[in-house]
Amino acid sequence: ASFWRAVFQQALEKEGSGTGELILRAGRSAVPYLMRQRRWEEASTLLEQVIRRDDSPATAAGTLPLLQRIAEATEGTVAGLVNAGVFASALSDAGRTGEAVAILQKSEQQAVESGQYRLASTAAGSLARLLLIAGHLAEALTMVERMMDYTCKAGLGPWTQLGNEVYRLQILNALGRHEEVLAALQVRREEVKGLPESQGENEAVEPWHVKEALLNTGQLASLALERWQEALSLNEGLIQAMVSRGATDLEVARMRFNDHGPLLRLRRYDEARSLLHQCLAVFESAGGSGDLGDVHSAIAHLEYQLQHFQEAARHESTALRL
């Protein structure tokens, strides 16, 4: 356990130089040893780091039972509130939203009652994300405001506060207020330049995660406004950030896939074809059926625009089957 913890920490400190795969390997390897020693909090922290960087179906299937066991073993403690939040987040990512909401609502209430505002902020943020996904936008905005209040009461730092703002911008995107999002994006990107690269003790988020979420939110606003070149530029910045921290090939391919729409709109067909087949190769080796269905449908769209109708029909049939 100590060996893999040390490897994990060294890789984490050098993440910007491409140690993402080593972080995943060390995190997964340490957890069984930690759980045998009932070092629940350490195991939960490592699993959280793993699922943040690798959201593949295989990783979800492997981590959910472990997180559930940790949450059950620590229920009724302050550490248990943290572990329940990690478990709920993993459930949400796996599509088990109802279970995640029930756990988070209970955790938020318990955290506020015990004065654990940092944990309450985390629970409220996760609830806001689920409400946003479900389309309950007014409730999501209210929940973000509660999260911001908890963040202030907890005395959390500028990266965490910026992370709260990213949540708010994501909801504004969903409300169709895209110009407002892009205006705020410019201001926030300037603020980021003055913040420390490392995560301080008073932060509940990692700087890389906030930066990537901010760029992704701006890219989605650009797509909605049909500013194709701006969307490509923002996504390129996001991909560079992901590659620098050593993101998995699957993560990077999923983000690169977002460029195919703007490329088609700009009639840059050769670039779109190359991109989509690169993504296809990655999805075939590491992705799920959803990834493969999306990319085959995108290839069909490309072939249709080029009037290659039989080829388009073949790929769309594959997409429907997947």
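Colleague: How many disulfides does the structure hold?

Modeller: Please keep in mind that this is a predicted model. A disulfide requires a pair of cysteine sulfur atoms within 2.5 Å, and under that cut-off the number of disulfides in the structure is zero.

Colleague: Is Cys152 buried or exposed?

Modeller: The class follows from the relative accessible area, since exposed means over 50%. Cys152 has a relative accessible area of 60%, so Cys152 is exposed.

Colleague: And Cys279, is that residue buried or exposed?

Modeller: Here the limit that matters is the one for buried residues, under 20%. With a relative accessible area of 2%, Cys279 is therefore buried.

Colleague: With which side chain does the side chain of Thr151 make a polar contact?

Modeller: Thr151 belongs to helix H8, which covers residues 137-154, and this residue counts as buried because its relative accessibility is 1%. At a distance of 2.8 Å, the polar contact of the Thr151 side chain is with the side chain of Asn164.

Colleague: What is the distance of the polar contact between the side chains of Ser44 and Asn83?

Modeller: Ser44 sits in helix H3, residues 40-53, and counts as buried at 2% relative accessibility. The cut-off for a polar contact is 3.5 Å, and the side chains of Ser44 and Asn83 make theirs at 3.0 Å.

Colleague: Which element gives the most to the lining of the second largest pocket?

Modeller: This pocket holds about 280 Å³ of space. The elements that give two or more residues to its lining are helix H4 (57-73), helix H5 (78-93) and helix H6 (97-113). With five residues, the element that gives the most is H5.

Colleague: How many charged residues does the lining of the second largest pocket have?

Modeller: The lining is made up of 15 residues, and those nearest the centre of the pocket are Ala71, Glu75, Gly80, Ala84 and Lys106. Sorted by class, the lining has six nonpolar and six polar residues, and the number of charged residues is three.

Definitions and conventions
Residues are numbered from 1 along each chain as its sequence is written. This is a predicted model: local features need pLDDT of at least 70, side-chain atom pairs count only at pLDDT 80 or more; totals for chains, interfaces and linings use all residues. Side-chain values use heavy atoms; hydrogens and water are left out. On a 1 Å grid over the protein atoms alone, a cavity is a set of points where a 1.4 Å probe fits but cannot get out, and a pocket is an open set with protein on both sides within 12 Å along at least five of seven lines; lining residues have an atom within 4 Å of a point. Grid points are joined across faces, edges and corners, and a volume is the space filled by probe spheres set on the points. Helices (H or I, at least four residues) and strands (E, at least two) are DSSP runs, numbered from the N terminus. Ala, Val, Leu, Ile, Met, Phe, Trp, Tyr, Cys and Pro count as nonpolar, Asp, Glu, Lys and Arg as charged, and the others, Gly among them, as polar. Buried means under 20% relative accessible area, exposed over 50%, partly exposed in between (1.4 Å probe, protein chains only). A polar contact is a pair of N or O atoms within 3.5 Å; within protein, one must be able to donate a hydrogen and the other to accept it, and residues adjacent in sequence count only if both atoms are side-chain atoms.
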